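Student: Could we go through this structure together, one question at a time?
Tutor: Gladly, here it is.

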Number of protein chains: 2
Amino acid sequence: MEMLTFAMDTEDGAPLYLQLYEYIKSEIRSGNIPCSTKLPSKRKLSSHLGISQNTIQAAYDQLIAEGYVMPLERKGFFVCKLDNIVKLESAAGAGTGESRKSLQKADHDFSYNGVDMQNFPFSTWRRITKDVINEYDGELLRSGDIQGNAALRRSIADYLRQSRGVSCSADQIVVSAGTEYLFQILIQLLGRDSVYGIENPGYEKLNLLFNSSRAKFKAINIDNDGMVLENIRKSGSDVICITPAHQFPSGGIMPINRRIQILNWANERSGRYIIEDDYDSEFKYSGKPIPALQGLDSSGKVIYMGAFSKSLSPSLRISYMVLPEKLLKEFKEKMSFIICPVPMIEQKVLCRFIQEGYFERHLNKMRTIYKKKREALSGAIAQAGSPMEIVGADAGLHLILRVNNGMSERQLVDSAIRSGVRVYGLSKYYLDKEYLNKKPELLLGYATMGEEEIAEAVEILSRAWFSGPIELEGQVI
Amino acid sequence: MEMLTFAMDTEDGAPLYLQLYEYIKSEIRSGNIPCSTKLPSKRKLSSHLGISQNTIQAAYDQLIAEGYVMPLERKGFFVCKLDNIVKLESAAGAGTGESRKSLQKADHDFSYNGVDMQNFPFSTWRRITKDVINEYDGELLRSGDIQGNAALRRSIADYLRQSRGVSCSADQIVVSAGTEYLFQILIQLLGRDSVYGIENPGYEKLNLLFNSSRAKFKAINIDNDGMVLENIRKSGSDVICITPAHQFPSGGIMPINRRIQILNWANERSGRYIIEDDYDSEFKYSGKPIPALQGLDSSGKVIYMGAFSKSLSPSLRISYMVLPEKLLKEFKEKMSFIICPVPMIEQKVLCRFIQEGYFERHLNKMRTIYKKKREALSGAIAQAGSPMEIVGADAGLHLILRVNNGMSERQLVDSAIRSGVRVYGLSKYYLDKEYLNKKPELLLGYATMGEEEIAEAVEILSRAWFSGPIELEGQVI
């Protein structure tokens, strides 16, 4: 090829070498400049286009770097052979993805996801963060310990020992970014051949998680005291996942004897473990908190899990677990590719927030606030004078409501939403639907609403459910 | 049981009801108060101990809540039956975990992990964070979108389109907390039956990760242009993981024709995918950046991955991927249990950092700084006048050094560390050791050191390797 001519755009912001590079590249890709073509020498092209040899060199260098052009010493620049790009028939129905089924708007939402929006200690958090972002702290830019910052782990261990009766050292703690990440670590650690027993009803995401990881799991029916030992045995589970402090969603507390039975089950055989998810144990409104099951365990059978999602905010994405020594050793050996997913700045902020006493103060404050909200809710329910019954312990950020008006769960939820209030049917938490309680039950979270709003919403619910004609399966009675 | 007597400690900070509760609990657990025992009535115990009935009620309530005691209406309070806790023989050798092999201390470390410590924009980051922690922003306390904050995803998409030639919308982006978490999502999405082909040599953590997830994987040998098509075919891989912008660790850039060949391979069959890890593509010191392979793909075959680990800091733990539409749809359907692991505050800070132009400015600044460091390193190597050769493109935060003095890799690394300089042998990046280059090669990262330190360290290396007697396999020559 003797010469190249292309229209330079001096108005265009792009440097000349880039324009030349883009032009030659597109000519090569379209086949207009065939393979093995010798490009014009820099000297010739320079005088032809009236631009400097350096500019041409820069364009050629880029083409060489990307593999469009090959330089041959003392011979010049040659266009490389490019295979044609074969296009696969675009898979049918890929589309742009459907938008989610739009949710009907509600004035009041008894959602379980979320915390009180008015009392987060923003100013303290801001001040500590400002202090933590410190150019003289070299640790802030390093990727850090796979289990999480050592000082943060010490703070968490102290808190767990004092407030939850967990027996642990900082070295046993693994910090992560949400319960689901901890479970994914555990599935890798305990092996996918283990059978996982999960509570029925239970945390709705667990089965999705085990499914997606293709781990074997069984739904194990609970009674008022939690997982039934006989059901655990029948299931053939190796590892069970339980919420003894406040069963999710039913709200029961596992009594000491069931705890001992379950520990004994785990102690019968090596490879058996109990995953204790202590998700909202910070909030108990009468009596003192129930100590963690982990504190009873002296054989390294309990994997304790906690999070700051309920006690501070789910948007912080900080969770942790306490590994028994044996699993800790395996974790360190096998999982060295993991890096603690929590940003170093946030780890340091949380550490100081705990160390300087703000976390305890916040918990005490929120316990009072949530207690009042719960009282507002149970008071309003009692005042309604309608046949409704509260189930579960005086704890956590939600309660279960039984409504005895003849409506099905679906009808209760639907008539509530038509009146502007969103409540949640318990059936979605049942993996084994056959076990579903015949009497409809609803889950009402009260963390995000104010006391007045709670009372107002219950009044609306009561009107929707107990006054006026009740529609049963489409018929007006 | 007629009465209980226990020593109250009025000096102890603990409330009386707690002391009473702890005492009765330990008596029950030790068997001193046997099952079915009737506890003293509140009235009697109150007058016996001289403390209020309310205090006793509180202690009994706690015992009831935990299942130690059962109240029977009009009968009183009875101790529940507790099974004995069986202890499993503690597994041999659990131990407390060995401390890691202590690493010899080095004065200078050519580590690849890390970024420049002097030029992180701390004050900007601090100011934006202060602004972002805002009590009027309700989004800060909600758990947010599973793919990450929408505004952040828009910023990332804009950046990728403009700077990396990636063709994507914000909707295709999934934000996560490190490349390893993205890979774990992909393994679940693409199925564990897929065979993953990884580069040999390559990123050392990938095989650990696939191993731990029990996904099938094959090491695929590379040549100067990256993965060889014939080797890909021979491996029977469905999904290949490559670093075309700057092969890790060898430093090569995949030329356009190899890119086309590999895309064509993926297009031949559905289920085939290319995972393009663009880990340090921001840093190219001559010519313009090589556009991403993803930009050539019009069939949804490339999963593009990036991170802010090299461009900002590994301690931020923010990575992202661009999913093709088909996989995006599956992700939304199957992986709803995932919550984006990056804290909301940090997502918003990064978003504003990009939107307000600070990210681009930081990249430009760091490109100059790292370029100078690289020049300092290559300059010092050239000046040493010893037979050493630099391999790989003028890009990234590391280079590969061949040292031709007859020493083995081990000897080079050891004699360097004896002189106080840590360098890294390339052999650890080879999964298929048979393919290991016969000539020893070393990886030298230069991001964390200053220019003067780099020159000094190279001088030390040169003395260690080229002056004085060379020990070969223990003999002094």
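Student: Where is Arg74(A) found?
Tutor: This is a predicted model, in which local features need pLDDT of at least 70, side-chain atom pairs count only at pLDDT 80 or more, and totals for chains, interfaces and linings use all residues. Residues are numbered from 1 along each chain as its sequence is written, chains are lettered from A and ligands numbered from 1 in the order in which they are written, and side-chain values use heavy atoms, with hydrogens and water left out. Arg74(A) has a positive phi of about 60° although it is not a glycine. With strands taken as DSSP runs (E, at least two residues) and helices likewise (H or I, at least four), numbered from the N terminus, Arg74(A) is in the loop between strand S1 (69–72) and strand S2 (76–79) of chain A.

Student: Which residue does a cis peptide bond join to Phe248(A)?
Tutor: Look at the loop between strand S8 (239–242) and H9 of chain A. The omega of the bond is about 5°, and the partner of Phe248(A) is Pro249(A).

Student: What radius of gyration does chain A have?
Tutor: The radius is taken over C-alpha atoms, and the globule rule is 2.2 Å times the number of residues to the power 0.38. For a compact globule of 477 residues the radius would be near 23 Å, but chain A has 31 Å.

Student: How many residues does the contact take from chain A?
Tutor: Contact means heavy atoms within 4.5 Å. By class, the side of chain A that touches chain B has 44 nonpolar (Ala, Val, Leu, Ile, Met, Phe, Trp, Tyr, Cys and Pro), 27 charged (Asp, Glu, Lys and Arg) and 26 polar residues (the others, Gly among them). Chain B gives 97 residues to the contact, and chain A gives 97 residues.

Student: How many salt bridges are there between chain A and chain B?
Tutor: A salt bridge has a side-chain nitrogen of Lys or Arg within 4 Å of a carboxyl oxygen of Asp or Glu. One of them pairs Arg126(A) with Glu135(B) at 2.5 Å, N to O. Between chain A and chain B the count is four.
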